[in-house]
Amino acid sequence: MIEISSVIIENKDGHYLLQFRGNDAPSHKNQWTLFGGHIEDGESNIEAAKREMLEEIGIDFAIERFSFAGEAAFHDGNGNDIQAHLFRLSIRPEEKITLGE
């Protein structure tokens, strides 16, 4: 089973930020997805969420900003079983997002 952390990002107006993965993405080609990724060896699920936010939107959030939102298990279409750990994060107006990966 592959474990991932995903983050539901919301702004002050209740809008959600998703990423569109283009045709050249290694997985989930041409799909809208949450931000996040694989949990690395020795990393907790919340540490993975924090790292992924720094890599993907350029902000190093304090762990206390993440709230646990649930878990989901699914198959990814490539024969892999996925366990997703979901976190919620509210973006403040002064925080500027820079899309990375």
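Colleague: What do the buried residues of α1 pack against?

Modeller: In this predicted model, they pack against β1 (2–10), β3 (19–21), β5 (35–38) and β7 (81–90). The buried residues of α1 are Ala48, Ala49, Arg51, Glu52, Met53, Glu56 and Ile57.

Colleague: How do you know that the span of helix α1 agrees with its 13 residues?

Modeller: Take 1.5 Å a residue, times one less than the number of residues. For the 13 residues of α1 (residues 45–57) that should give 18 Å, and the end C-alpha atoms are 18 Å apart, so the two agree.

Colleague: And which residue follows α1?

Modeller: That's Gly58, and its phi is positive, near 80°.

Colleague: Okay, on to strand β4. Why is Thr33 called buried?

Modeller: Buried means under 20% relative accessible area. Thr33 has 15%, so Thr33 counts as buried. Thr33 lies in β4, residues 31–33.

Colleague: Which residues is Thr33 in contact with, leaving aside neighbours within four places in sequence?

Modeller: Leu18, Gln19, Arg21 and His28.

Colleague: What about Trp32: why does that one count as exposed?

Modeller: The cut-off for exposed is over 50%. Trp32 has 59% relative accessibility, so Trp32 counts as exposed. Trp32 has its place in strand β4 too.

Colleague: Which residues make the nonpolar surface patch?

Modeller: Trp32 is one of them, along with Leu18, Phe20 and Leu34. The patch covers about 410 Å².

Key: Residues numbered from 1 in each chain as written. Predicted model: local features only at pLDDT ≥ 70, side-chain atom pairs only at ≥ 80, totals over all residues. Heavy atoms only, no water. Helix = DSSP H or I, 4+ residues; strand = E, 2+ residues; numbered from the N terminus. Buried < 20%, exposed > 50% of the residue type's maximum accessible area, 1.4 Å probe, protein only. Contact = heavy atoms within 4.5 Å. Patch = residues over 30% accessible without salt bridge, like charges linked within 9 Å, V, L, I, M, F, W, Y side chains within 5 Å. Areas by Shrake-Rupley, 256 points an atom, 1.4 Å probe, with all protein chains shown as cover. Salt bridge = Lys/Arg side-chain N within 4 Å of Asp/Glu carboxyl O.
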